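Hi there,

Here is the two-chain model I promised to pass on. Have a look at it first, and then read on for my notes.

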Amino acid sequence: MDLLKQISESLQQGDDEKTAKFTGRAIDEKIPTQQILDDGLIAGMTVVGNKFKAHDIFLPDVLMAARAMYAGMDLLKPLMIKENIPIRGKVVIGTVQGDLHDIGKNLVGIMLKGAGFEVIDLGNDVSPAKFVDTAVAENANVIGLSALLTTTMPIMQQVVDLVKQRGLADNISVVIGGAPVTEQYARDIGASAYSFDGINAIDCVDKLITGA
Amino acid sequence: MMRPQVRFLENDLIEQILGEARDILQKLGVTIHNPGIVSMLSDNGAIVGDDGETIRFTSDLIDKALKSVPASFKLYDTLGKEAVDMAGYNVNFTPGSTALNILDHATGEMSRPTTADYIKHVRIVEQMPHIASQSTAMIPSDVPEMISDSYRLYLSLLHGTKPVVTGAFTIEAFGIMKDLQLAVRGSEKELAAKPLTVFSCCPTSPLKWSSVTSQNVIDCAQHMIPVEFVAMPLSGFMAPITLTGTLVQHTAETLSGIVISQFAKPGAPILYGGSPAAFDIRYETTPMGAVETEMIDCAYNEIGKYLNIPTQAYIGLSDAKLLDAQAGFETAMGATLAALSGINNISGPGMLDFESCFSLEKLVLDNEICGMTKRMIKGIEPKEDFPSLPHFEELLRDKHLLISKHTRKYLKEEHYFPSQVIDRANRSRWQEEGALTLGERAHKEVRRLLEAYRPSETDDNAKQTLTRLMRGEARRHKMRELPGQKL
């Protein structure tokens, strides 16, 4: 079988060892790094995402695939840096100040990382300044904010405002999510987007970065 | 492991109800409009009244009949594989029976079902994982009444493989309905060894057996075809107002059926069944979704179990006219109680409007209710949960257990995941997927299943014989055509 197809399929099966093995072999066979990434790993993850959306597979299957993705990415990353291949995007995520709930945020992190984005997870109880400072320092494309408490939701507004104040709005998008958060709320506070679950976050961040 | 269970009757009360029912059978007797059966029972010591139809049982007669009833039996599909085990607290769901109407999803209107509707329902039942057997759930209106009983069994055996809960409308129809089964099984011996159908036989409340239904009991017994007795006392109308009084009558009527069946053939398989109901004196209706109806069902099932006889009930259905909230809650409440009571054959899925209207959309919803209740009665048992410490160490280390070995091993066994008929999306995803109502999701599932259906694997020769027999039966009734085929 085609090596890239083998990467894609072992990733879909959530087999991290095989995914790493085939990725390593593809590198040895001098298949271009970008092609291994796009037609092997990301292609496999796209199938997984679609199957999940169609209710054919469950969340653990997606997470197993994400783990396999990490295994492949670990091998590809040094080459990507060397060859100056841009990563799919860089996202700073965290739960906003005053809020310690991070289950949903963690899930979003796993999904985004599994989809090939670089994720910097600031944890919970994160101040607006820390989000923005980190995004600038890391040259991130997106800030992802999570809140579970209605009382901490206003912090999201502060982050959005801070990005605008510092004149970063053209380079950094702010996407928000969490149980009490809605699409309407995102519009009200001027956030770039709202995402309703982990899988949806992949499409959402991808659209913000590619401008699609 | 503890099997979750509900009980309504103490054993003392069961004994008392049985005692009163036996007293009625000995002192008042039952009326049987069937001279052959009257003389058979009279030969065995029953006392025939002056009218020649009222027959009083002796205590010995009842005891002897009860002794020979099998404690369990199995049903086998058309391929000969075991499909249903009527034993102990096993729970098997089958669609409700013999609706006159079908509900049209698009218009919300009822109409008389056609052959096409009937075939659709068979094709869906075939694919319902939580529905163990078929039932002849509707009466196709595009064939004359005199063949409508055998014709629906024919369609069920031709298009489906699951065993069939059915019944004959006349004495004569039994012959063709038995022959259709022989076409599938090959021989009388094989049919007796591997029952394919259950025949519903209904006494008439109070305390009467018509010539047809009592003869059906005998004919089935002689061929070892299982019978479910369906006594229908109506509280406060054709039975005492109290639930206990209704149970006494149900017991008497059912015991009389057991006597008829066991004297025709000792050891003939039966289900201690019924369709009693509360009577709503405001509307003159017999609500199947009334909590009292459900309580009577569960309680007589306890009496059946006390007698060591497998049980059946018409429960887990609704009186609503549409697939609305009432349809859902009445069905779920009945199915939950029935499952907790361990009723062996639960007849209900798909049915609305006092069991007179079938809905394909409700059938796929009810399949989910059945799936959930079946999960519920599996109860709670440890699955590599002890010692617990390693699981929690893993949780604290990995921050979640979504892909732990333990999760992956037990996820699908421990949790029941319903189809997309049941909405469990968050609001945004629900909106993204079309913001569909339950009815719309159910209809979508119906369409998907009808497309996914593949012809049954029943032997082609058997299928040809089924059609030949059905055509012969139609010609015998001077018919020139059956729907879709000239004779």
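This is a predicted model: local features need pLDDT of at least 70, side-chain atom pairs count only at pLDDT 80 or more; totals for chains, interfaces and linings use all residues.

Chain A has 9 helices and 5 strands. Read from the N terminus, its elements go α-α-α-α-β-α-β-α-β-α-β-α-β-α. Along the principal axes, the C-alpha atoms of chain A occupy a box of roughly 55 × 35 × 30 Å. A compact globule of 212 residues would have a radius of gyration near 17 Å, and the 18 Å of chain A agrees with that.

Chain B contains 17 helices and 22 strands. Its C-alpha trace spans about 85 × 60 × 50 Å along the principal axes. For 487 residues, a compact globule would come out near 23 Å in radius of gyration, and chain B, with 23 Å, agrees.

**Where they touch**

The contact between the chains involves 10 residues of chain A and 11 residues of chain B. On the side of chain A, helix α4 (residues 59-82) gives the most, with 5 residues. By class, that side of chain A has 5 nonpolar, 2 polar and 3 charged residues.

**A parallel sheet in chain B**

One open sheet of chain B has 5 strands in the order β9-β10-β11-β13-β15, with parallel pairing. Its edge strands are β9 (134-135) and β15 (270-271), each of which pairs on one side only. Further in, β10 (residues 164-166) and β11 (residues 197-201) of chain B pair in the parallel sense over 3 bridges.

**The neighbours of helix α1 in chain B**

How do α1(B) and α9(B) pack? Helix α1 (residues 11-27) of chain B meets α9(B) at an angle of about 55°, with the axes 8 Å apart. The two helices are therefore oblique to each other, and α1(B) passes α9(B) in a right-handed crossing. The residues that meet include B:Ile17, B:Ala21 and B:Ile24 from α1(B), and B:Leu247, B:Val248 and B:Leu255 from α9(B). By class, this contact has 9 nonpolar, 3 polar and 1 charged residues.

Helix α1(B) also packs with α10 (residues 291-306) of chain B, here at an angle of about 85° and with the axes 10 Å apart. These two are therefore roughly perpendicular to each other. B:Asn11, B:Ile14, B:Ile17 and B:Leu18 in α1(B) meet B:Glu302, B:Ile303 and B:Tyr306 in α10(B). The contact has 5 nonpolar, 1 polar and 1 charged residues.

Another open sheet of chain B has 4 strands in the order β2-β3-β1-β12, with mixed pairing. The edges are β2 (47-48) and β12 (208-209), each pairing on one side only. Strand β1 (residues 30-32) of chain B and β12(B) pair in the parallel sense over 2 bridges, and B:Ile32 stands opposite B:Trp209 in β12(B).

There is also a hairpin, formed by β4(B) and β5(B) with 5 residues between them. Strands β4 (residues 73-76) and β5 (residues 82-86) of chain B run antiparallel and are joined by 4 bridges, with B:Phe73 opposite B:Met86. In the turn, B:Gly80 has a positive phi of about 90°.

**Backbone details to look at**

Most residues other than glycine have a negative phi, and most peptide bonds are trans. Which peptide bonds are cis in this model? One joins B:Ser205 and B:Pro206, with omega about -5°, and B:Pro206 is found in the loop between β11 and β12 of chain B. Another runs from B:Phe386 to B:Pro387, with omega near -5°; B:Pro387 lies in the loop between α12 (360-377) and α13 (389-398) of chain B.

In chain A, look at A:Asn84, a residue other than glycine with a positive phi, near 60°. A:Asn84 is found in the loop between α4 and β1 (90-95) of chain A.

Notes:
Residues are numbered from 1 along each chain as its sequence is written. Chains are lettered from A and ligands numbered from 1 in the order in which they are written. Two strands pair if DSSP finds at least two bridges between them. Axes are lines fitted to C-alpha atoms, for helices over the stretch in contact, and angles run from 0 to 180 degrees between N-to-C directions. Angles under 35 degrees count as roughly parallel, over 145 as roughly antiparallel, 65 to 115 as roughly perpendicular and the rest as oblique. A crossing is left-handed if the near helix is turned anticlockwise from the far one by less than a right angle, and right-handed if clockwise. Two residues are in contact if their C-beta atoms, placed from the backbone, lie within 7 Å. Ala, Val, Leu, Ile, Met, Phe, Trp, Tyr, Cys and Pro count as nonpolar, Asp, Glu, Lys and Arg as charged, and the others, Gly among them, as polar. The radius of gyration is taken over C-alpha atoms; the globule rule is 2.2 Å times the number of residues to the power 0.38.
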